[in-house]
Amino acid sequence: MMSPEEIIAHAFDRFERPLISYAKEITGDLEAARDAVQETFLRLSRQDILRLEPRLTPWLFFVCRNCALDHVRKVGRFAEDSAENERASDDPSPDASVMADEDSVRLRELVSRLPQQQRELIKLKFESGLSYKEMAEVLKTSVSTVGVQLHGALQTLRQHWNRPTHITS
Amino acid sequence: MNDPRITSYALGELEGPDREAFKRELAASDDLQKHLNETINLTKALGALPMPNEQLENRSALLEQCAKNQSRRRKTNILRLAVPISLAAAASLVVVALLNQAGTPAPAILAVSAPAEKSADEIVRSAPQNISLTQQEVKQPAADTRSAVVMEKAKIAKARQMGAARGAAARAATDFDGYIHYGSPIVAGSDVVVADSILTRSGEWNTEGYNAIRENAFLDVKQNPLSTFSIDVDTASYANVRRFLRNGTLPPAGAIRTEELLNYFPYNDPAPKDAAPFSVNLEVATAPWDAERLLVRIGLKGKEIPASERAPANLVFLVDVSGSMNEPNKLPLLKRSLRGLVENLSDRDRVAIVVYAGSSGLVLPPTPGTRKQDILAALDNLQSGGGTYGSAGIKLAYETARENFLKEGSNRVILCTDGDFNVGVTSQSELQKLIERERASGVFLSVLGFGTGNVKDSTMELLADKGNGNYAYIDTPNEGRKVLVEQMGGTLFTIAKDVKIQVEFNPAQVAAYRLIGYENRLLAKEDFNDDTKDAGEIGAGHTVSALYEIIPAGKKIPGALSVDPLKYQTPAPVVSGVPVSGDLLTVKLRFKQPDGDKSQLLEVALATPESIPFFDQASSDFRFAAAVAAFGMKLRASPDAGNITWDDMLRIARQSLGDDPGSYRAEFLTLIEAAKSLALEPKTDDDKSPTQP
């Protein structure tokens, strides 16, 4: 149906922003995240696209994750400060009106306090819409582990989110 | 409560018996319900978090590089596989060289053209011309892809400084300048060729997807007495063509589906008198582009069903609210169009709304038409935002439709999107299978396309086709009103499904014929009586037109057609005493009731009139349809358009406007004018200043 070039272009349109956002979660650095995403698509372009297509989504995130981790290994810095980075660099997008600003800032902050792997799962699920099965492929783990970890993440968030008192850091 | 099933359930990941068991526990425990509700609220909040709007800086260069890598990759494979058949390759090289001299575009644009499902070695067999390209290509040292991109990056940064605002506007204006699909000799051999890439001459990518269309050729009646096709009530191509012309660009050939242009307009065919769901009307006259030839119009008119009598509707709108819908001609236009539909709902109808984006969800549970205010309020509250991907969106929509299934009514999911139908099922084939499965359960799918630049035209048409539905493209509030208010019956209420047409031509009267349009809808002659073969649907009040161009018996068939007489076939003996039939042709129709599995047959013969009416004597519908067909052919630069001019079309259309309810025909005049001025303008490749619409 779609040609390989169309599939690549379509994947690019659809995943460019989610992939950058995901890679940045790992590298903590926007430029490194962009490099990882560029590398991901270059690698994609050397694959047999038609054969890859049914599991294209997990493939992209898996490769992007590895590229991002390579960067982290080389630079030797882990994205401990991603929360600060994020708030500093995120342009207020027009979409922000969807939710009251304060709420979204608070929720973002709650997410940034989660452990690394849980943060990744939140990104994969809520920004990119991956299924449990796809997330398990990306993180090379089992579907039930994904289920338990994501539930754990939501559990932590829920406890703070539904309690309107402010938590101090 | 440390039960991961809560989260799984909230995210639609719990399936089958686990889901049922969980539902039972849920019903028994208030605590669990509270926990679940909180979790659902949280997932909504998370799904609505704005995604950082970061993009790559060198997007087009990267995509270009990706395309190069991909075609190099395939070519290398071809070369490897081609070595054992080098003799054959050498022979075909000569052919390719000739073809290239004959004026096909530069080799760089000649990407491998082969149906996407084919494996590399099949490509070798089906497209030997690629081998010559491969050999040229391989001699060049393979550049380091990464550094090429980096170099491009610098160039682009420079270009940015020079003209920051050019971006989107320039891109829209330069779309589709360098087409190679239609009429290119390298694609000969298969009926519908998948356009391999939409790479324009300027190297820019456009993500709109169109399949190339090869026009039907004249067929010799002796070899092919039967012509079989499925009806098509889609109209999207017309609105899309209009968009191109209004933006000052000629549409690419692949975007012009002549049958959809024809069927965009209402015609005055009489409604059926008896119990049949539609009437069949035939008319013949000379062709406006060649008085030696005839034109036959087949017109179907679906039964009109007054709003008070029509079956109740169970509609689920599946609305794309991803960030890309946040443009005036997308979500706001969608809301406005749907508002018109809601105002016309009857009390027995039900409407639900499912959205998909970063997360998907039911924003309006099935609500009866008596509560229009609630439905309108839910529509008004739709906002775009979040990611571009929603899981389980389409599944949820179908589930909602099935849970409220109206046995006696019309059950339909209406997908509204700008082309990112990433509705939670990853691969295309999976999506198609899902739609086909749901069709069997009685829930049909219609697709409404919005916006520009990312319209996956071919896929959207295909999805609606697989879902027994129609595909309309909405680009203006007027178009929204036409599709969802004026033609609501046709858009939403199927009166007959799997409608197939088979025409048998009488060789005593007809030498050759050509079906205009319907290239994507052709069926094998055996499919006509095969009730398992899917075909098009006709809605209440719909009119469907098909045109055949006919070369009468005794007239010469254009040279390309001549086939040597068959050696081993004995021609049917002429039985003396049996008079030769005076019929020109017989039209047979097969259709099923909307809920039926067995088809019914209708047959109408068209006698050859004693004297064929001249074109100018034909009905206004006939003449108008001919003008539209000529417009389609001319836009596609079809050799079959003969020497008809834009001015001829203008004259014919102007004289055949008729009553023109809705002024659609009058609007068509403005499109002919636009096409005329664009076609006459000398086209230059380098001067691509954005044209104002």
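From the N terminus on, chain A reads α-α-α-α-α-α-α-α-α. That is 9 helices and 0 strands. Before I go further: this is a predicted model, and I will treat it as one throughout.

Staying with chain A, the chain has 169 residues, and 50% of them count as buried. On contacts, take those with a sequence separation of 6 or more: residues 24 or more positions apart account for 70% of them in chain A.

Now one helix pair in this chain. In general, two packed helices are described by the angle between their axes and the distance between the axes. Helix α2 of chain A covers residues 30-44 and helix α4 of chain A covers residues 56-75; their axes come within 9 Å and cross at roughly 135°. The crossing of α2(A) past α4(A) is right-handed. Which residues make the contact? From α2(A) they are A:A32, A:A33, A:D35, A:A36, A:V37, A:E39, A:T40, A:R43 and A:L44, and from α4(A) they are A:L60, A:V63, A:C64, A:C67, A:A68 and A:H71. Sorted by class, the contact of α2(A) with α4(A) has 10 nonpolar, 2 polar and 3 charged residues.

Next, helix α7 of chain A, residues 116-126. Is α7(A) largely enclosed or largely in the open? Of its 11 residues, 8 are buried, so α7(A) is largely enclosed by the rest of the structure. The buried ones are A:R119, A:E120, A:L121, A:I122, A:K123, A:L124, A:K125 and A:F126.

For contrast, go to chain B and its helix α2, residues 16-28. The number of buried residues among the 13 of α2(B) is 0, so this helix lies largely in the open. From first C-alpha to last, α2(B) reaches 19 Å, which is close to the 18 Å expected at 1.5 Å a residue.

Helix α10 of chain B, residues 236-246, packs against helix α21 of chain B, residues 664-680, at an angle of about 50°, with the axes 10 Å apart. This pair too is classed as oblique. The crossing of α10(B) and α21(B) is left-handed. On the α10(B) side we have B:R242, B:L245 and B:R246, which meet B:L671, B:A674, B:A675 and B:L678 of α21(B). By class, that contact has 5 nonpolar, no polar and 2 charged residues.

Now some single residues, starting with backbone angles. Most residues other than glycine have a negative phi. A:K140 is not a glycine, yet its phi is positive, about 50°. Where is A:K140? It is in the loop between α8 (132-139) and α9 (143-161) of chain A. With 8 other C-beta atoms within 10 Å, A:K140 is exposed. In chain B, B:A637 is also not a glycine and has a positive phi of about 55°. B:A637 is in the loop between α19 (620-635) and α20 (646-655) of chain B. B:A637 has 12 other C-beta atoms within 10 Å, and it counts as exposed because the cut-off is 12 or fewer.

Last, B:G449, in strand β9 of chain B, residues 444-450. Is B:G449 buried or exposed? It has 26 C-beta neighbours inside 10 Å, so B:G449 counts as buried. Along the sequence B:G449 and B:A472 are 23 residues apart, while their C-alpha atoms are 6.3 Å apart in space.

Notes
Residues are numbered from 1 along each chain as its sequence is written. Chains are lettered from A and ligands numbered from 1 in the order in which they are written. This is a predicted model: local features need pLDDT of at least 70, side-chain atom pairs count only at pLDDT 80 or more; totals for chains, interfaces and linings use all residues. Helices (H or I, at least four residues) and strands (E, at least two) are DSSP runs, numbered from the N terminus. A residue is buried if 20 or more other C-beta atoms lie within 10 Å of its own, exposed if 12 or fewer, and partly exposed in between; C-beta atoms are placed from the backbone. Two residues are in contact if their C-beta atoms, placed from the backbone, lie within 7 Å. Axes are lines fitted to C-alpha atoms, for helices over the stretch in contact, and angles run from 0 to 180 degrees between N-to-C directions. A crossing is left-handed if the near helix is turned anticlockwise from the far one by less than a right angle, and right-handed if clockwise. Ala, Val, Leu, Ile, Met, Phe, Trp, Tyr, Cys and Pro count as nonpolar, Asp, Glu, Lys and Arg as charged, and the others, Gly among them, as polar. The expected span of a helix is 1.5 Å times one less than its number of residues. Angles under 35 degrees count as roughly parallel, over 145 as roughly antiparallel, 65 to 115 as roughly perpendicular and the rest as oblique.
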